[in-house]
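Biologist: Please take me through the charged pairs of this model, and set each value against its definition.

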Amino acid sequence: MQTLTQRLANPTRFMAFSRAILPWLAAASVLLIAYAMYLVFFVAPPDYQQGETVKIMYIHVPSAWLALGGYAIIAMSSFGLLVFRHPLADVSAKAAAPIGAAFTLAALITGSLWGKPMWGTYWVWDARLTSVLMLFFLYLGLIALRSSLEDEALASKLTAVLALVGVSVLPIIKFSVDWWNTLHQPSTGFTSTVDASMRTPLLISAAGFLLLFIALHLKAMQNEIMRRRVKAMRVAEVERGDRLMSAGAE
């Protein structure tokens, strides 16, 4: 029996599947994020130490999670391209890069906005902050490398190799607060240290942003498949024209 991944390996089948679920994903993400923001601004209490500044957490934390998750998708897609030559693997990797970069930038910006009132500065060369900045530059590097090469097959392989090499930054980010004495606080135990009045809107916000990420990823994959189809049609048209010209000359 074929798995879902195998069934969706056909781009035409993937396009039909993604068109069917994309509106539902988009609507669900909007509703969840809107409900989470209602809880954040009208229900969740301010933190006894951070005050209203804690509300930045409801965007910062999901953005940081998706920054890591987006790169994990790129790494898995790159592995799928290099090892299994999955026809949609490269499409997935290329589509996820700008979305992951956007969420990483959102995590950096919201973290800086939180850091100013809490730490007294927008930025410090802390291990967690610096490693997340490295992740952002890694995203930009993948996008730049792919854009700099005209040969798309070569660009796909080189970016896949770079993505797999760069995956080592993920455990560095995750454990940076444990390995080094950082200004950034250690990972929070949700069930033990975060009150339910804050944990619930945070998890709802995270679910909404996750669905938003998936919807954006599927839409970007659709766009990339359509771009490749248009390019293939243009190449075929040019080749057909060349053959007709050659036949006419003979």
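Biologist: What makes Arg228 partly exposed?

Modeller: Arg228 has a relative accessible area of 26%, and the term covers the range between buried (under 20%) and exposed (over 50%), with a 1.4 Å probe and protein chains only. This is a predicted model, where local features need pLDDT of at least 70, side-chain atom pairs count only at pLDDT 80 or more, and totals for chains, interfaces and linings use all residues. Residues are numbered from 1 along each chain as its sequence is written, and side-chain values use heavy atoms, with hydrogens and water left out.

Biologist: Why is the contact of Arg228 with Asp90 called a salt bridge?

Modeller: The closest N and O atoms of Arg228 and Asp90 are 2.7 Å apart, and the definition asks for a side-chain nitrogen of Lys or Arg within 4 Å of a carboxyl oxygen of Asp or Glu, so the pair qualifies. Arg228 is in helix H9 (residues 196-249) and Asp90 in helix H4, 138 residues apart; helices here are DSSP runs (H or I, at least four residues), numbered from the N terminus.

Biologist: Is Asp90 buried or exposed?

Modeller: With a relative accessible area of 5%, Asp90 is buried.

Biologist: Which residue forms a salt bridge with Lys94?

Modeller: Glu224 does, with the closest N and O atoms 3.3 Å apart. Glu224 lies in helix H9 and Lys94 in helix H4, so this pair ties together parts that are 130 residues apart in sequence. Glu224 counts as buried at 8% relative accessibility, whereas Lys94, at 26%, counts as partly exposed.

Technical notes: Helix = DSSP H or I, 4+ residues; strand = E, 2+ residues; numbered from the N terminus.
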